[in-house]
Amino acid sequence: MCGRLAQHRAAEKYLASLGVQATLFGRAPAEQIGRYNVAPHSRVDLLRRVGEGLVWSPERWGWSPSWAKAPVRSDINATREKVARSAYFRQVWPNRALLCADGWYEWCPVRGQKTKQVYYIRRHDSEPLFIPAVGQFPAAESEPRADDGFRIITADSQGGMLDIHDRRPVVLDALDARAWLSDIGAAEADALLQGHAVATDAFVWHPVGREVGNPRNEGSHLVEPIA
């Protein structure tokens, strides 16, 4: 699923790994973001295309169409299987963005216990995660709207990650992430999602403490493994 993230490097580090340049709003390039407990509905540093360039700016993690009559169970994720094909996402599917992160957390049931165990998941080579997203964003030089926001795209956790959770964020390598942010067409963007996600064997995970369950808790100790 992915309902909590870590995003702690400086923006310039993510951009260097991605191999792009961007105009930053609200943050200095070398400033450590330092967030180890990024919760849904908070404003999260996001990379997106505006005109001919790329913009790095804080955007709200969560989106629902303004015409939706009933609240949705989750407004933070969009499934890879539906995002390009569902009328629900039609207005935001052209608005592609990229969430650069360091890892994410999942809560896994433990047999015989009522409390779930939290796991932190990251790339085994410690490279950043480039997670595709779609959303509704303010136009250039316009004020943000109340219903602006984004969703990250998730996929089935195939190939060994099912013991942690049955879904995971789609993660792209740097080349495919740059393509996702480019002006490729809708069909090509969908094909990129379906066939180019980084495989599950690129990731490692370990149990962490329960403190991450409270979004007010923050700090690097949250990603440290526990016995």
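Are tryptophan 63 and tyrosine 88 buried or exposed? Tryptophan 63 is buried, and tyrosine 88 is buried as well, where buried means under 20% relative accessible area, exposed means over 50%, and partly exposed covers what lies in between (1.4 Å probe, protein chains only).

Before going further, note that this is a predicted model, in which local features need pLDDT of at least 70 and side-chain atom pairs count only at pLDDT 80 or more, while totals for chains, interfaces and linings use all residues. Residues are numbered from 1 along each chain as its sequence is written, and side-chain values use heavy atoms, with hydrogens and water left out.

**First stop: aromatic rings**

Select Trp63, Trp67, Tyr88 and Phe89, which form one aromatic cluster. The structure holds 8 aromatic pairs; rings of Phe, Tyr and Trp (its six-membered ring) pair if their centres lie within 6.5 Å, and planes under 30 degrees apart count as stacked, over 60 as edge-to-face and the rest as tilted. Tryptophan 63 and tyrosine 88 make an edge-to-face pair, at 6.1 Å centre to centre and with 75° between the planes. This pair links distant parts of the chain, for tryptophan 63 is in the loop between β5 (53–60) and β6 (77–79), tyrosine 88 is in the loop between β6 and β7 (96–101), and the two are 25 residues apart. The names of such elements come from DSSP runs, numbered from the N terminus, with helices (H or I) of at least four residues and strands (E) of at least two.

Now keep tyrosine 88 and turn to tryptophan 67: the ring centres are 5.6 Å apart and the planes stand at 75°, so this pair is edge-to-face. Tryptophan 67 lies in the loop between β5 and β6, and tyrosine 88 in the loop between β6 and β7, so the pair ties together parts that are 21 residues apart in sequence. Tyrosine 88, which takes part in both of these pairs, has a relative accessible area of 19%.

**Second stop: two helices**

Next, select helix α2 (residues 174–181) and helix α3 (residues 186–195), which pack at an angle of about 150° with their axes 10 Å apart. Axes here are lines fitted to C-alpha atoms, for helices over the stretch in contact, and angles run from 0 to 180 degrees between N-to-C directions. The helices α2 and α3 are therefore roughly antiparallel to each other; angles under 35 degrees count as roughly parallel, over 145 as roughly antiparallel, 65 to 115 as roughly perpendicular and the rest as oblique.

Which residues of α2 and α3 make the contact? Asp176, Ala179 and Trp180 do so from α2, and Ala189, Leu192 and Leu193 from α3, with contact meaning heavy atoms within 4.5 Å.

Staying in helix α2, select alanine 177, which is buried, with a relative accessible area of 0%. Leaving aside its neighbours within four places in sequence, alanine 177 is in contact with Leu18, Leu98, Phe130 and Leu172.

Valine 198 and aspartate 176 are 22 residues apart in sequence and 9.7 Å apart in space, C-alpha to C-alpha. Beyond the neighbours within four places in sequence, valine 198 is in contact with Arg123, Arg168, Val171, Leu172, Asp173 and Phe203.

Select histidine 41 in the loop between β3 (35–38) and β4 (43–50), where the residue has a positive phi of about 75° although it is not a glycine. Histidine 41 is partly exposed, with a relative accessible area of 43%. Serine 126, in the loop between β9 (117–123) and β10 (129–136), has a positive phi of about 65° although it is not a glycine, and is partly exposed at 42% relative accessible area.

Finally, select alanine 146 in the loop between β10 and β11 (149–156), which counts as exposed at 83% relative accessibility. Alanine 146 and arginine 60 are 86 residues apart in sequence and 9.8 Å apart in space, C-alpha to C-alpha.
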